[in-house]
Amino acid sequence: LSTTPSHVVVIPSTGQRVTLRPYTVKEEKVLLMAAESKSSENILRAMCNLVFSCVVGESLHPADVRTFDLEFLFAQLRAISVGETVSILSRCKYEECDGETETSVNFSEASVEVLDLETPLSSFIELNKNVSVMVSYITVEDLLNSPALLDDSDNARVAMSYEILRASIKKVMTPDQVFVFNEASREEQEKFVNEMTPIHTQAIAKHLDTTPVLKIHSKYTCS
């Protein structure tokens with residue numbers, strides 16, 4: 001046990017190299033209990049605690065880890081802790097076929113695919129001649145601070161979209177000052193967002209639509 005192997009991975013959004021150790025049975029139990037609760041917030045917190053606890057020699061802060069970074073780190077952690085592959089049932093992509101085929105998925109081959117290579121992590125969007133905002137992809141800290149971001153039920157879609165918009169704003173800039181958005185009160189943040197126009201929100205949404213996604217490619221032949 002004292003010679004537990006470690007694994008070096010690169011965080012997709014920053015290029016930072018970190019070392020992961022396999023998680024323990026005790027740590028896995030906490031994750032499984034969170035999964036049984038079926039609470040998105042409990043699962044997220046358990047996943048964050050697990051990933052951050054398994055980083056060796058340095059610490060990660062939720063504000064510096066994007067959501068797709070967390071998914072990537074968890075996939076790599078699962079690969080070195082339990083095993084690289086898992087068998088799943090894949091449904092045929094053709095609607096007229098109901099076939100399901102057992103497929104092997106390799107977690108170590110998980111990668112974050114950038115949807116737009118020219119889009120940076122953060123973008124500056126001009127709202128008018130005097131006010132601009134810096135928006136960025138959603139971080140783990142944003143999710144932890146806004147449980148509404150985790151509610152994907154049909155009756156919460158509007159609230160979730162609003163929360164994504166609010167959480168993506170990191171700075172507000174005028175010709176004379178720069179304001180850190182999350183240092184403002186919740187009431188002030190909501191007032192600012194509510195006074196934006198649909199043109200403004202569409203510009204922010206355009207940046208968020210380029211959020212990189214985690215993918216694991218696997219080939220199979222429908223049975």
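**Figure 1. Helix H3 at the lining of the largest pocket.** Helix H3 contributes six residues to the lining of the largest pocket, the most of any element. The structure shown in this and the following figures is a predicted model. The space in this pocket amounts to about 670 Å³. Its lining comprises 30 residues, and those closest to the pocket centre are Thr67, Glu71, Ile138, Leu143 and Thr211. Two or more lining residues come from each of helix H2 (40-53), helix H3 (67-81), helix H4 (140-145), helix H5 (157-168), helix H7 (198-208) and strand E11 (213-215). By class, the lining of the largest pocket consists of 23 nonpolar, five polar and two charged residues.

**Figure 2. The second largest pocket and its lining.** This pocket holds about 320 Å³ of space. Sixteen residues line the second largest pocket, and Glu141, Asp142, Ala167, Lys170 and Asn182 lie nearest its centre. Elements that supply two or more residues to this lining are H4, H5, strand E9 (169-173) and helix H6 (186-194). Helix H4 gives the most, with three residues. The lining of the second largest pocket divides into five nonpolar, five polar and six charged residues.

**Figure 3. The largest nonpolar core and the surroundings of Val18.** The largest nonpolar core has 31 residues, of which Val18, Leu50, Val51, Leu60, Leu70, Leu73 and Leu77 touch the most other members. At least two residues of this core are supplied by each of strand E2 (17-20), helix H1 (25-37), H2, H3 and H4. Helix H2 gives the most to this core, with seven residues. With residues up to four places away in sequence left out, Val18 touches His7, Val8, Val9, Ile11, Val55, Glu58, Leu60 and Leu73. A second, separate core has 13 residues, including Ile169, Val172, Val193 and Met196.

**Figure 4. The buried and exposed sides of helix H7.** His200, Ile204, His207 and Leu208 are the buried residues of H7. Viewed down the axis of H7, these buried residues fall within an arc of 100°, so they line one face of the helix. Pro198, Ile199, Gln202 and Lys206 are exposed on the other side of H7. The cover over the buried residues of H7 includes strand E7 (122-126), strand E8 (132-136), H5 and E9.

**Figure 5. Ser168 in helix H5.** Ser168 belongs to helix H5. The relative accessible area of Ser168 is 0%, so this residue is buried. Apart from residues up to four places away in sequence, Ser168 touches Met134, Val135, Ser136, Ile138, Ile204 and Leu208. Two of these contacts, Ile204 and Leu208, are also listed among the buried residues of H7.

Figure 6. Ala34 is part of helix H1. This residue counts as buried because its relative accessibility is 8%, the cut-off for burial being under 20%. Leaving aside neighbours within four places in sequence, Ala34 is in contact with Ser39, Asn42, Ile43 and Ala46. The C-alpha atoms of Ala34 and Met47, 13 residues apart in sequence, are 8.9 Å apart in space.

**Figure 7. Lys38 in the loop between H1 and H2.** Lys38 is placed in the loop that joins these two helices. Most residues other than glycine have a negative phi. Lys38 is not a glycine, yet its phi is positive, at about 60°. Lys38 has a relative accessibility of 72% and therefore counts as exposed, the cut-off for exposure being over 50%.

**Figure 8. Leu44 and Val140.** Leu44 lies in helix H2. With a relative accessible area of 8%, Leu44 is buried. Leu44 and Val140 are 96 residues apart along the chain, and their C-alpha atoms are separated by 8.7 Å.

**Figure 9. The protein as the setting for the close-up views.** Seven helices and eleven strands are present in the protein. Of its 223 residues, 36% are buried. Among contacts in the protein with a separation of 6 or more, 64% are between residues 24 or more positions apart.

Definitions and conventions: Residues numbered from 1 in each chain as written. Predicted model: local features only at pLDDT ≥ 70, side-chain atom pairs only at ≥ 80, totals over all residues. Heavy atoms only, no water. 1 Å grid on protein atoms, 1.4 Å probe; cavity = no way out; pocket = protein on both sides within 12 Å on 5 of 7 lines; lining within 4 Å. Points joined across faces, edges and corners; volume = space filled by probe spheres on them. Helix = DSSP H or I, 4+ residues; strand = E, 2+ residues; numbered from the N terminus. Nonpolar A, V, L, I, M, F, W, Y, C, P; charged D, E, K, R; others polar. Core = buried A, V, L, I, M, F, W, Y, C linked by side-chain atoms within 4.5 Å. Buried < 20%, exposed > 50% of the residue type's maximum accessible area, 1.4 Å probe, protein only. Contact = heavy atoms within 4.5 Å. Arc of directions from axis to C-beta.
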